[in-house]
Amino acid sequence: MFLSLERSPVFLWLIAAICALVAAPATAQFVEVSGQVGLSSLQKKSWGNPIWGDINNDGFLDLIVPTHGLALSHGPFVYLNLGGTIFSDDLTKSNIRQAPSLDTRDWHGFSFGDYDGDGFLDLYIAEGAKGSQDGAVKQDLLFRGNGDGSFTNKSVPAGIEVSNHRGRCSIWFDFNNDGRLDMFVKNYADANVLYANNGDGTFTQMPDAGGLADAAGGTEVVLVDNASTDDSTAAATRARPWVRVVASPANVGFARGANTGAATAGGDVLVFLNPDAVVEPGALARLCDALAADPRAGIAGGGLRDEDGAWQPAAARFGVLAHLLGGSSRDRAEE
Ligand SMILES: [Ca+2]
Ligand SMILES: [Ca+2]
Ligand SMILES: [Ca+2]
């Protein structure tokens, strides 16, 4: 037995309700309330990403707005959400501050995650190395949350690498499904890093970032060891654990060594670099851009300066006439 609703008041009410819902004008919109709720509107150099998380476990989302390190008059803004009505900037209490060593203050990528499973949000900050200039090295910042809005720096005991990587973004995710959050760090124009969470407060860096070292513009670095005996290769890998070493049983010279390394490389563009050369920031990207801009080009050469900054001829125009008439790269130093 079925109840007919076609003419019943219930049916008419239902139709009316649906029409009201369909016809209701869109009212969702945002209103600028930053100043009203205590968020600063000061213009600060911010190269990081704002992140939301309840750092003091009171049920209200708090906000961290990065500034570029601590070199400015104010470090990151650490806004505690006071009951959903107003925010209080509490950087001092948060203890998010410069590390005593290996901190270039070149802070970029912020991310929240509870890596030790204690219910308190922890904070990772991917750090640059001042553009990798002047031999700068850094150690990313891992702050363990204390659950009351304060943090404790655990970068050293956690085993975060010391490197000249130019960290830009960081993200927590459990890549191996063991229930523990792991950390992926995206670096600028350099190999990315993936840390596996060991579950005891330490992390192990995955070789080749688990296959993500070259993701989205990263690079792989192949170091060919021409049968050295001075421990230089071990020193290099201690400083740069992400470097892949190819051992040659004998000193076969630079050219053959370069070919050996190239045979193992997986990238679309190969860069051959002498061991005594230093790559200036942005140089590799500029070479790659030049190759991409001209589909006829198969090779591009960078300029070379000596230790005093004087130009060194290290390239030449292709073609006999062009080479003879145009000369070497000396006259093209500033192109
Ligand atoms: Ca909170
Ligand atoms: Ca935690
Ligand atoms: Ca995991």
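In the predicted model, strands β5, β6, β8 and β9 form an open sheet of four strands, in the order β5-β6-β8-β9. The pairing is antiparallel. Strands β5 (107-113) and β9 (151-153) lie at the edges. Each of these two pairs on one side only. Neighbouring strands of the sheet are turned against each other by 25 degrees on average, direction ignored.

Within this sheet, strand β6 covers residues 122-127 and strand β8 covers residues 141-145. The two run antiparallel and are joined by three bridges. Leucine 123 stands opposite phenylalanine 143, a residue of β8.

A further open sheet is built from four strands in the order β1-β2-β3-β4. Its pairing is antiparallel. β1 (51-53) and β4 (86-89) are the edge strands. Each has a single partner strand, so one side of each is left without a neighbour in the sheet. From one strand to the next, the twist averages 25 degrees.

The pairing of β3 with β4 can be followed at the residue level. Strand β3 spans residues 77-82 and runs antiparallel to β4. Four bridges join the two strands. Leucine 80 faces a residue of β4: serine 88 stands opposite.

In outline, the predicted model holds an open antiparallel sheet in the order β1-β2-β3-β4 and another in the order β5-β6-β8-β9.

Technical notes:
Residues numbered from 1 in each chain as written. Chains lettered and ligands numbered in written order. Predicted model: local features only at pLDDT ≥ 70, side-chain atom pairs only at ≥ 80, totals over all residues. Pairing = 2+ DSSP bridges. Axes fitted to C-alpha atoms, helices over the stretch in contact; angles between N-to-C directions.
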